[in-house]
Amino acid sequence: DPMRNYPLIILLTLLVSISGCAYVPFSAGKLKGTPTEALADWREIASVSIIQLETNPAQPYSVNIWMIAEQARLYVFAGDNYAQWVQNIESNQSVRLQAEEKVYDLRAHRVTDPDEYLSFTHAWNEKYESDRTDSDVQENYLFRLE
């Protein structure tokens with residue numbers, strides 16, 4: 001019966017399709033890379049689509065995530081998803097960011113200002129070709145990394 005192998009074929013196809021993908025939504029632990037001093041202007045790494053963000057220094061938890069560099073500021077965005085990394089930042093603002101082989105020690109500050117959020121959404125829409133201008137800053141988790 002050819003249908004008997006159908007679930008296995010789907011699973012193998014999925015595994016092959018994500019194996020080369022840099023943005024796989026799995027968490028990991030402590031980041032490894034070259035410790036690097038924070039940049040004055042984060043637009044230098046604006047071309048990087050996906051970075052790794054480590055939260056919870058006591059028990060490191062890291063994720064691959066999209067980022068935006070806007071007006072020399074660096075942002076990470078969870079949307080309205082109260083993800084584990086968001087919960088970790090609420091408990092401890094210390095984060096580490098890895099872009100390519102460089103690791104930066106930073107602090108995450110939740111953005112609640114509507115004007116700053118609007119500026120971020122314009123940059124997000126341009127970089128990732130999406131539309132976030134209709135969302136509300138109070139209903140989303142946006143963090144400025146400094």
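Trainee: Which residues do ring pairs link into a cluster?

Mentor: Ring pairs link W66, Y75, F77, Y117, F120, W124 and Y128. Rings of Phe, Tyr and Trp (its six-membered ring) pair if their centres lie within 6.5 Å. This is a predicted model, where local features need pLDDT of at least 70 and side-chain atom pairs count only at pLDDT 80 or more, while totals for chains, interfaces and linings use all residues. Residues are numbered from 1 along each chain as its sequence is written, and side-chain values use heavy atoms, with hydrogens and water left out.

Trainee: Why is the pair of F77 and W124 called edge-to-face?

Mentor: Planes under 30 degrees apart count as stacked, over 60 as edge-to-face and the rest as tilted. F77 and W124 have 65° between the planes, at 5.3 Å centre to centre, so the pair is edge-to-face. F77 sits in strand 4 and W124 in helix 3, 47 residues apart. Helices (H or I, at least four residues) and strands (E, at least two) are DSSP runs, numbered from the N terminus.

Trainee: What makes the pair of W124 and Y128 tilted?

Mentor: Their planes stand at 50°, with ring centres 4.8 Å apart, so the pair is tilted. W124 and Y128 are 4 residues apart in helix 3, about one helical turn.

Trainee: Are F77 and W124 buried or exposed?

Mentor: Both F77 and W124 are buried. Buried means under 20% relative accessible area, exposed over 50%, partly exposed in between (1.4 Å probe, protein chains only). Y128 is buried too.
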